[in-house]
Amino acid sequence: MPVLWHPLFIGTEPTMDFLRTDGQRIINESGDEVILSGYALGNWMIQEAFLFGTGGFSADFKPFMRAQGMDRGRTIDRIISELAGEEYARSFWPRYHRAFVTADDIRLMADMGMNSVRVPLNARLFLKEGPGYRWNEESFSILANLLAWCEQAGIYAILDLHAAVGGQSTIGCDDEWDNQPHLFTDRESWERTCVLWEEFARRYGNLACVAGYELLNEPLALPAFDRLDGELLRFYDECIGRIRAIDCRHIIFLQGHRFAHRSDLLRPDMDPVAHNWCLAMHIYETLPDLGLIGPILAERERLGVPVWVGESGGAAVWGTVLYEMLRQYHIGANVWVYKAVWRPNAPTLVTYEVPDGFDEIVRYANEGGPRPGFERSARIFDAYIDKTRLVNCAIHEEEARAMLRGAGAVVPAIGYDAVPGRGKSFEGSYPYCAFCGYRREDPMEFVLDEGVAPYDVEFAKLAGVPKYGDYPRLSLRLHEGDFACYTFRGLPTGATLSVSARSSRNGTLGVEVCRQAAPFEVDGMEWTSFEAPVTSSGDVVVKLSCAQGTVDVKSLCIR
């Protein structure tokens with residue numbers, strides 16, 4: 001029986017369906033497929049320097065290092081205590097947690113079209129460190145508020161133990177002191193983590209708004225710890241068994257090792273009691289084609305369970321292709337993160353600025369700069385909390401549009417639909433392998449923007465090649481008879497399609513929207529925008545074709 005108390009749950013029936021796995025799909029109680037799409041609440045109970053504004057993404061991925069500066073929650077907490085006093089430090093985090101995420105934040109996600117939120121949790125915030133088992137009811141109350149707001153908004157929550165007792169990742173995001181996987185080497189850490197999961201199962205086992213439990217984030221991330229793979233598997237077996245003794249209704253999400261990129265150690269029968277588990281994988285900075293998706297599909301087939309990309313992120317020109325490709329293969333995705341300090345080319349939906357004087361805090365912590373006084377430091381930290389409130393933040397709706405392929409999303413022409421495949425969602429006549437390493441299995445020609453030469457791989461670092469290589473600078477070249485299709489999601493009525501195209505020899509671009517076709521004569525090498533009405537709403541497929549000559553297409557957008 002759950003011991004969760006919250007006014008929303010008293011005397012009311014659940015308004016959401018429980019989710020469960022059915023073969024390689026996630027479904028609701030009516031048997032309808034649910035593809036989980038949303039953002040993660042990183043920077044809420046889990047801090048990292050690049051999200052909190054105390055440093056860049058430059059963690060030392062060493063098998064052993066001591067936490068330092070303000071690189072993770074523990075060290076940030078220590079600096080707050082040093083600068084503003086221990087009493088102030090004890091009050092800071094509950095106030096921060098309650099300001100950082102409110103009902104308005106969850107409603108915003110729902111309004112943007114998301115149906116889920118990944119909730120990274122820190123074990124030490126719920127199970128107090130020290131001898132015995134002492135629960136921090138303040139943290140459970142804060143989490144209860146969040147789940148109540150999720151229920152009200154129709155958003156599913158995935159509870160993610162991002163920082164287990166003792167640490168599991170071997171990098172700073174698990175909030176341990178020394179980048180060591182004590183979870184797998186210390187029986188006390190192992191036992192306390194299992195007890196914590198039992199407590200979550202007791203408290204939230206009857207809540208349908210909880211999609212499931214993600215037992216560990218990025219366990220054994222570094223290759224140096226592959227030797228503990230067997231212990232990871234043994235931990236999963238024990239922890240799943242103990243959870244299932246309490247709760248068989250929720251999905252269990254499992255990650256493999258090596259930054260959740262590898263899953264070969266997992267077995268098809270990881271949940272022998274409830275048969276209700278899902279493979280969770282992470283994808284960053286990889287070209288979105290079958291070279292990436294193929295191995296994931298193979299693992300899905302081997303294990304016979306759904307796949308959910310529980311963490312991802314990158315530039316919009318990349319994400320708008322990746323997430324639609326995943327969706328077409330029945331794979332949901334979660335973007336890291338929902339709210340953080342602004343960074344260029346980050347997929348963050350909501351951003352905030354650090355307050356005046358915060359640079360003094362950072363210099364003191366990271367460089368040994370002058371120490372601000374107690375009162376000044378407290379004022380700066382108070383101002384930081386205020387900056388994180390949604391009313392004081394910037395909302396980047398274009399990031400949500402890119403993820404969901406909604407109105408306003410700019411889709412690169414090279415990101416045509418992968419499913420149902422050649423002859424149906426695309427067709428080409430290019431007889432050679434693409435020079436750029438992208439979608440090499442397709443007979444489609446890609447060309448660089450005029451005046452841009454392919455880079456030499458040998459001198460990539462010297463030339464300052466962007467992380468996606470040539471991908472953002474590619475256009476799709478359609479020859480006579482070629483075509484490509486593009487799916488847009490959740491469009492309003494009365495929208496307009498805009499296509500950016502050019503031609504070197506009097507090409508004819510065929511544009512078909514909602515089964516209505518319109519030919520456009522494309523003359524000249526200047527990029528020109530061609531527009532066509534969209535007469536349907538909801539999910540719409542656009543088909544571009546070349547009737548004669550050749551046509552280069554750069555991008556599509558529906559507004």
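## Close-up views of a predicted model

Figure 1. Alanine 40 stands opposite arginine 118 in S4. The model shown here is predicted. S3 covers residues 37-40, and S4 covers residues 116-122. Three bridges link S3 and S4, and the pairing is parallel. S3 also pairs with strand S10, residues 332-335. That pairing is parallel too, again over three bridges. Look for tyrosine 39, whose bridge partner in S10 is valine 335.

**Figure 2. The closed barrel.** Eight strands make up a closed barrel. Their order is S3-S4-S5-S6-S7-S8-S9-S10, and the pairing is parallel. From one strand to the next, the twist averages 30°. Strands of a sheet pair through backbone hydrogen bonds, either parallel or antiparallel.

**Figure 3. Strands S4 and S5 side by side.** Seven bridges join S4 to strand S5, residues 156-163. The two strands pair in the parallel sense. Which residue of S5 stands opposite valine 119? The residue is leucine 159.

**Figure 4. Helix H11 on the sheet.** H11 spans residues 290-303 and packs on the sheet. The helix touches two strands, S8 (277-284) and S9 (307-313). The direction of H11 makes about 170° with that of S8.

**Figure 5. Helix H9 and its strands.** H9 runs from residue 229 to residue 244. The helix lies across strand S6 (210-214) and strand S7 (251-255). Between H9 and S7 the angle is about 170°.

Figure 6. Aspartate 271 and arginine 244 form a salt bridge. The closest N and O atoms of the pair are 2.8 Å apart. Arginine 244 sits in helix H9 and aspartate 271 in the loop between helix H10 (257-260) and S8, so the pair ties together parts that are 27 residues apart in sequence. The structure holds 39 salt bridges.

**Figure 7. The second largest pocket.** The volume of this pocket is about 530 Å³. There are 24 lining residues. Closest to the pocket centre are Asp77, Ala89, Trp93, Arg124 and Leu125. Four helices each supply at least two residues of the lining: H2 (73-84), H3 (86-100), H5 (123-126) and H6 (137-153). Which of these gives the largest share of the lining? The helix is H3, with six residues. By type, the lining divides into ten charged, seven polar and seven nonpolar residues.

**Figure 8. An open sheet of three strands.** The order in this open sheet is S11-S12-S13, and the pairing is mixed. Strand S11 (339-341) and strand S13 (394-395) are the edge strands. Each edge strand pairs on one side only. S11 and strand S12 (residues 350-352) run parallel, joined by three bridges. Here valine 341 stands opposite tyrosine 352 in S12.

Figure 9. Most residues other than glycine have a negative phi, and most peptide bonds are trans. This view picks out exceptions. The peptide bond from tryptophan 336 to valine 337 is cis, and its omega is near 10°. Valine 337 is found in the loop between S10 and S11. A cis peptide bond also leads from valine 419 to proline 420, with omega near 10°. Proline 420 belongs to the loop between strand S14 (410-412) and strand S15 (426-427). Is phi of asparagine 345 positive or negative? The value is positive, near 60°, in a residue other than glycine. Asparagine 345 lies in the loop between S11 and S12.

**Figure 10. Antiparallel pairing around strand S17.** S17 covers residues 474-479. Strand S16, residues 445-448, runs antiparallel to S17. Four bridges join S16 and S17. The bridge partner of leucine 448 in S17 is leucine 474. S17 also pairs with strand S22, residues 550-558. This pairing is antiparallel and has four bridges. Across it, arginine 477 has aspartate 552 in S22 as its bridge partner.

Key. Residues numbered from 1 in each chain as written. Predicted model: local features only at pLDDT ≥ 70, side-chain atom pairs only at ≥ 80, totals over all residues. Heavy atoms only, no water. 1 Å grid on protein atoms, 1.4 Å probe; cavity = no way out; pocket = protein on both sides within 12 Å on 5 of 7 lines; lining within 4 Å. Points joined across faces, edges and corners; volume = space filled by probe spheres on them. Nonpolar A, V, L, I, M, F, W, Y, C, P; charged D, E, K, R; others polar. Pairing = 2+ DSSP bridges. Axes fitted to C-alpha atoms, helices over the stretch in contact; angles between N-to-C directions. Contact = heavy atoms within 4.5 Å. Salt bridge = Lys/Arg side-chain N within 4 Å of Asp/Glu carboxyl O.
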